[in-house]
Amino acid sequence: MRAEIQNIVADIEKSLDLLSQRMDWETAQFRLEEFNARVEDPNLWDDPEAAQKLMRDRQMLVDAIEVYSTIKQDLADNIELIELGEMEEDAEVVIDAENALKLLREKAAEKELEALLDGEADANDTFLEINSGAGGTESCDWASMLARMYVRWAEKKGYKVELQSESAGEEAGIKSAAYKISGHNAYGWLKSESGVHRLVRISPFDSAAKRHTSFSSVWVYPVVDDNIEIEVNPADIRIDTYRSSGAGGQHVNTTDSAVRITHMPTGIVVTSSEKSQHQNRDIAMKALKSRLYQQELDRRNADINAAHEAKGDAGWGNQIRSYVLQPYQMVKDLRTSHETSDTKGVLDGDLDGFMAATLAMKVSGKSRADAQGDD
């Protein structure tokens with residue numbers, strides 16, 4: 001077997017190993033038998049909510065077993081075909097099997113990434129907030145570049161993107177923007193993006209063409225499922241209405257329809273500036289509940305909590321990723337050391353490699369904080 005194909009086989013086996021670990025293959029069949037026994041209980045649907053959860057959990061396990069078993073069997077079959085083809089000197093059989101292995105590697109890698117997205121809220125839709133840091137026009141322009149990057153990423157995934165609110169910069173870009181991104185695993189993918197993002201470039205706003213460093217922060221939190229109850233005491237919130245300020249001209253609302261909700265115990269502030277004040281109240285209340293739910297997730301996950309706290313000051317020492325456009329081209333994640341010189345691709349939304357590296361790091365439990373150095 002050629003060295004290239006041996007490497008492909010090794011990649012597939014690595015993906016199979018991770019899939020096995022994620023579903024605990026050694027006990028999977030036993031757990032499926034337990035699920036099947038519970039499904040046959042005539043009293044199962046006495047508690048519809050518990051029954052639905054049971055059915056979802058069972059189906060997830062069934063799907064995981066099927067994916068793992070199919071990939072493992074396909075790997076064995078194609079290795080056998082290559083060995084048989086080499087033995088009989090049938091080059092066509094060998095080539096067909098090698099091509100099948102190349103496709104299988106892609107499938108295994110895809111399923112490996114999907115297996116990483118098994119957190120409590122990973123499958124949910126998500127809210128994404130972007131805020132410019134200190135630096136005036138430079139940071140506002142960088143915030144708008146980040147907004148474009150994430151919208152492009154979401155569109156490539158086939159996700160629905162809705163602009164919830166936006167505050168324009170004084171000269172260019174945006175001071176802040178909030179989006180709702182809807183699609184399967186939207187939160188699971190984007191949750192690793194929370195933190196400060198640093199840009200180094202020749203400023204288009206500097207007549208002396210000097211190099212500038214800008215910072216903007218990103219905050220991601222899940223849209224709360226309808227079946228998750230988050231109680232908000234009306235006495236704990238303050239609701240303000242105000243006139244929305246958009247990009248100017250025809251885009252500026254002429255009525256005080258925008259809504260700001262402040263949760264006084266936590267200091268959380270959420271806004272929405274659609275046309276309807278009633279719609280804005282609903283959107284802002286959902287966003288508030290999602291933020292409160294995120295706090296609960298944070299208490300269970302120290303890593304995520306630390307990331308959100310570090311996000312607070314958009315400046316030196318808190319960045320998770322550097323985007324260097326001058327004097328060389330490089331985007332580097334400071335948590336995982338994953339990097340690429342394709343800065344244009346990244347700014348056009350090619351982010352899966354960075355997200356996957358962070359997800360894999362969390363699964364392996366390995367921390368690469370030592371790798372946090374300046375580019």
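Mentor: What follows goes through the aromatic rings, after a few words on the whole protein. The model is a predicted one. The protein has 10 helices and 11 strands, and buried residues account for 43% of its 375 residues.

Now the rings. A pair of aromatic rings is described by the distance of the centres and the angle of the planes. Searching the whole structure gives five aromatic pairs. One of them is formed by Trp25 and Tyr68, with 4.4 Å from centre to centre and 40° between the planes, which makes the pair tilted. Trp25 belongs to helix 2 and Tyr68 to helix 3, so this pair ties together parts that lie 43 residues apart in sequence. How covered is each partner? Tyr68 has a relative accessibility of 8% and counts as buried, because the cut-off for buried is under 20%. Trp25 has a relative accessible area of 30% and is partly exposed.

A second example is Trp142 with Tyr323. Their ring centres are 4.9 Å apart and their planes stand at 70°, so the pair is edge-to-face; the angle that counts as edge-to-face is over 60 degrees. This pair also links distant parts of the chain: Trp142 is in helix 5 (residues 137-157) and Tyr323 in strand 9 (residues 319-324), 181 residues apart. Both Trp142 and Tyr323 are buried.

There is also a cluster, made up of Phe127, Trp219 and Tyr221. One of its members, Tyr221, has a charged neighbour: Arg291 lies over the face of Tyr221, 5.2 Å from the ring centre.

Helix 1 (residues 3-23) has 21 residues and spans 31 Å between its first and last C-alpha, close to the expected 30 Å. Its buried residues include Ile5, Ile8, Val9 and Met23. Just after helix 1, Asp24 has a positive phi of about 55°.

Strand 1 covers residues 126-132, and it pairs with strand 3 in the antiparallel sense over six bridges. Strand 2 (residues 160-168) is also antiparallel to strand 3, with eight bridges joining the two. Ala177 of strand 3 has Ile130 opposite it and Glu166 opposite it as well. Strand 3 (residues 174-182) is mostly covered, with seven of its nine residues buried.

Note on methods: Residues numbered from 1 in each chain as written. Predicted model: local features only at pLDDT ≥ 70, side-chain atom pairs only at ≥ 80, totals over all residues. Heavy atoms only, no water. Buried < 20%, exposed > 50% of the residue type's maximum accessible area, 1.4 Å probe, protein only. Helix = DSSP H or I, 4+ residues; strand = E, 2+ residues; numbered from the N terminus. Pairing = 2+ DSSP bridges. Expected span 1.5 Å × (residues − 1). Phe/Tyr/Trp six-rings, centres within 6.5 Å; stacked < 30°, edge-to-face > 60°. Lys NZ or Arg CZ within 6 Å of the ring centre and 35° of its normal.
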